[in-house]
Amino acid sequence: MANRRYSPGKKPAGSSRSAGEILRDLRSTAPAEGYREKSLRLHGHFCAKCGREFGPKDLHLLTVHHRDGNPNNNPEDGSNWENLCSFCHEDEHSRGLLGDYLSGR
């Protein structure tokens, strides 16, 4: 079997552009901004509950909490979001479970 290697200068079958040109175009196109990125931009890089500030190294610990509990409700103005650290977010979602358990529900 022949050794088939990828060559970025070659044009894929049926294409007028080389693979390298297509790859450059894909890399230059910025991905669409998701609701997490919008919330971080709107509300800042800190937890709304405990106030901890997050830098580039630990920003992955900052999550977006949907205030109404509906993850599909993502208004452009960010009114249904609050940034919570992973610890406060877990606490927020476990409070109802703990309350139900303690009340015997």
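1. Let's start with a pair of charges. Asp91 and Lys49 form a salt bridge, and their closest N and O atoms are 2.6 Å apart. Asp91 belongs to helix H3, while Lys49 sits in the loop between helix H2 (35-43) and E1, so this pair ties together parts that are 42 residues apart in sequence. Please keep in mind as you read on that this is a predicted model.

2. How exposed are the two partners? Asp91 has a relative accessible area of 29%, which means it is partly exposed. Lys49 is partly exposed as well, at 36% relative accessibility.

3. Lys49 has another partner to look for. Glu92 also forms a salt bridge with Lys49, with the closest N and O atoms 3.4 Å apart. Here too a helix meets a loop: Glu92 lies in helix H3 and Lys49 in the loop between H2 and E1, so parts that are 43 residues apart in sequence are tied together. With 32% relative accessibility, Glu92 counts as partly exposed.

4. Arg67 lies in the loop between E1 and strand E2 (81-85), and Glu82 in strand E2, so the pair ties together parts that are 15 residues apart in sequence. Arg67 is partly exposed, at a relative accessible area of 49%. Glu82, in contrast, is buried: its relative accessible area is 19%, and the cut-off for buried is under 20%.

5. After H3 comes Gly104, which has a positive phi near 85 degrees.

6. Is Tyr101 buried or exposed? This residue of helix H3 counts as exposed, with 66% relative accessibility. Together with Leu98 and Leu102, Tyr101 forms a nonpolar patch on the surface, and the three have about 400 Å² of accessible area together.

7. For a contrast, turn to His66 in strand E1 (residues 62-66). His66 counts as buried, because its relative accessibility is 7%. What is His66 in contact with, leaving aside its neighbours within four places in sequence? The list is Tyr35, Pro71, Asn73, Asn74, Asn80 and Trp81.

8. Finally, step back to the whole chain. Its secondary structure comes to three helices and two strands, in the pattern α-α-β-β-α along the sequence. Of its 105 residues, 21% count as buried. The chain exposes about 8100 Å², of which carbon and sulfur atoms supply 54%. Among the contacts with a separation of 6 or more, 41% come from residues 24 or more positions apart.

Conventions:
Residues are numbered from 1 along each chain as its sequence is written. This is a predicted model: local features need pLDDT of at least 70, side-chain atom pairs count only at pLDDT 80 or more; totals for chains, interfaces and linings use all residues. Side-chain values use heavy atoms; hydrogens and water are left out. Helices (H or I, at least four residues) and strands (E, at least two) are DSSP runs, numbered from the N terminus. Buried means under 20% relative accessible area, exposed over 50%, partly exposed in between (1.4 Å probe, protein chains only). Contact means heavy atoms within 4.5 Å. Patches are made of residues with over 30% relative accessible area and no salt bridge: like charges are joined within 9 Å, nonpolar side chains (Val, Leu, Ile, Met, Phe, Trp, Tyr) within 5 Å. Accessible areas come from the Shrake-Rupley method with a 1.4 Å probe; for residues, only the protein chains shown count as cover. A salt bridge is a side-chain nitrogen of Lys or Arg within 4 Å of a carboxyl oxygen of Asp or Glu.
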